[in-house]
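Visitor: I would like to learn how to read a structure like this one, feature by feature. Could you walk me through it?

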Amino acid sequence: MLLLMIEKGMPIDAVITADTGMEFPEMYEHLAKLDDYLYREREIHFTTLRHPKGFEWLMFEEPKQKQSAIENRMNYGVPLYGNGWPGMKVRWCTGQLKTHLIDAEVRNLKGKYHALHYVGIAADEPKRIKQEQYPLVEWKIDEKEALKICYMHGYDWGGLYEIYHRCSCWCCPFQRIDELKKMRKYHPQLWKRLLEMDRRALAQFGDNPLGKFKENWTVEQLEKRFALEDMQLSFLLVRMDNCILTQKNK
């Protein structure tokens, strides 16, 4: 959306993004590259919004304030601080690290200026459309076409979209298991951090939705599963090589 708005000569006074602190390294490199282009074309930089404490503080340390939350935690024997892993019903990460920050900044700008808010939602995301401006929808550009346009302009996210279906926070528990397996392979240092976070969550909150990465899986269990799958694949490849050698020998 930003690339096309610049090319079409549309007015841009601010570009707002929220940084959760848990993006892939390639995403930060991409944002820096795009920020340089924005400055060259319009002499403005991104307005990057961040929670003052960050993801891990919210996950492990934020004290509970509401009496109902305190009583509920006490009834279940859960510590009175930290939000644990995000869940489908309580996606505190999206709220506190993204939408609340952006919404507050947009309200502030609209209160000061007669501002239009452009949102980069694609034409094939109708459920996300609300009461703002959606250029990609107006131009009938879906996600696939938008990605193609970015590639044509030299923006490839360091190959992230060639590995992953979506590139949200690397620690997101809503990722598909096959995506997590790819992270273990292509981003082993992040996978190591995820293991450490999961062990800490289980130790702090216990075997419940706050402490468990997925409903039926801890990250440690996924590590064992992926290691076993790798071992089985290696064994199969060795057997195939032996068969080929045997056939050649014959």
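Guide: Gladly, and let us start with a contact, which means heavy atoms within 4.5 Å. Leaving aside neighbours within four places in sequence, leucine 4 is in contact with Trp139, Ile141 and Ile149. Before going on, a word on the source: this is a predicted model, in which local features need pLDDT of at least 70 and side-chain atom pairs count only at pLDDT 80 or more, while totals for chains, interfaces and linings use all residues. Residues are numbered from 1 along each chain as its sequence is written, and side-chain values use heavy atoms, with hydrogens and water left out.

Visitor: How far apart are leucine 4 and isoleucine 149 along the chain and between their C-alpha atoms?

Guide: They are 145 residues apart along the chain, and their C-alpha atoms are separated by 8.9 Å. Leucine 4 belongs to helix H1; helices (H or I, at least four residues) and strands (E, at least two) are DSSP runs, numbered from the N terminus.

Visitor: Is leucine 4 buried or exposed?

Guide: Buried means under 20% relative accessible area, exposed over 50%, and partly exposed in between, using a 1.4 Å probe and protein chains only. Leucine 4 has a relative accessible area of 13%, so it is buried. In the chain, buried residues make up 37% of the 250 residues.

Visitor: What does the overall layout look like?

Guide: The secondary structure comes to 11 helices and 2 strands. From the N terminus on, the elements run α-β-α-β-α-α-α-α-α-α-α-α-α. For the overall dimensions, the radius of gyration is taken over C-alpha atoms, and the globule rule is 2.2 Å times the number of residues to the power 0.38. A compact globule of 250 residues would have a value near 18 Å, but this chain has 22 Å. Along the principal axes, its C-alpha atoms fill a box of roughly 75 × 60 × 30 Å. Among contacts between residues at least 6 apart in sequence, 59% join residues at least 24 apart.

Visitor: How do I check the length of a helix such as H2?

Guide: The expected span of a helix is 1.5 Å times one less than its number of residues. Helix H2 (residues 25-42) has 18 residues and should span 26 Å; its end C-alpha atoms are 26 Å apart, which agrees.

Visitor: Which residues of H2 are buried?

Guide: An α-helix has 3.6 residues a turn, so residues three or four places apart point the same way. In H2, the buried residues are Glu26, Met27, His30, Leu34, Asp35, Tyr37 and Leu38. Their cover includes helix H1 (2-7), strand S1 (15-18), strand S2 (46-49) and helix H8 (160-163). Take histidine 30 as one case: with a relative accessible area of 9%, it is buried. Not counting residues up to four places away in sequence, histidine 30 touches Tyr155 and Trp157.

Visitor: What follows H2?

Guide: Most residues other than glycine have a negative phi, and most peptide bonds are trans. H2 is followed by glutamate 43, whose phi is positive, near 60 degrees. Glutamate 43 sits in the loop between H2 and S2 and is exposed, with a relative accessible area of 63%. Tryptophan 157 also has a positive phi, near 55 degrees, and its place is in the loop between helix H7 (143-152) and H8.

Visitor: How should I read aromatic pairs?

Guide: Rings of Phe, Tyr and Trp (its six-membered ring) pair if their centres lie within 6.5 Å; planes under 30 degrees apart count as stacked, over 60 as edge-to-face and the rest as tilted. The count here comes to 7 aromatic pairs. One of them joins tyrosine 151 and tryptophan 157, edge-to-face at 6.4 Å centre to centre, with 75 degrees between the planes. Tryptophan 157 is buried, with a relative accessible area of 11%, whereas tyrosine 151 is partly exposed at 31%. Ring pairs link Tyr151, Trp157 and Tyr161 into a cluster.

Visitor: And where do charges sit over rings?

Guide: A charge sits over a ring if NZ of Lys or CZ of Arg is within 6 Å of the ring centre and within 35 degrees of the ring normal. The charged end of lysine 8 sits over the ring of tryptophan 139, 4.9 Å from its centre. Arginine 200 places its charged end over the ring of phenylalanine 60, 4.0 Å from the centre.
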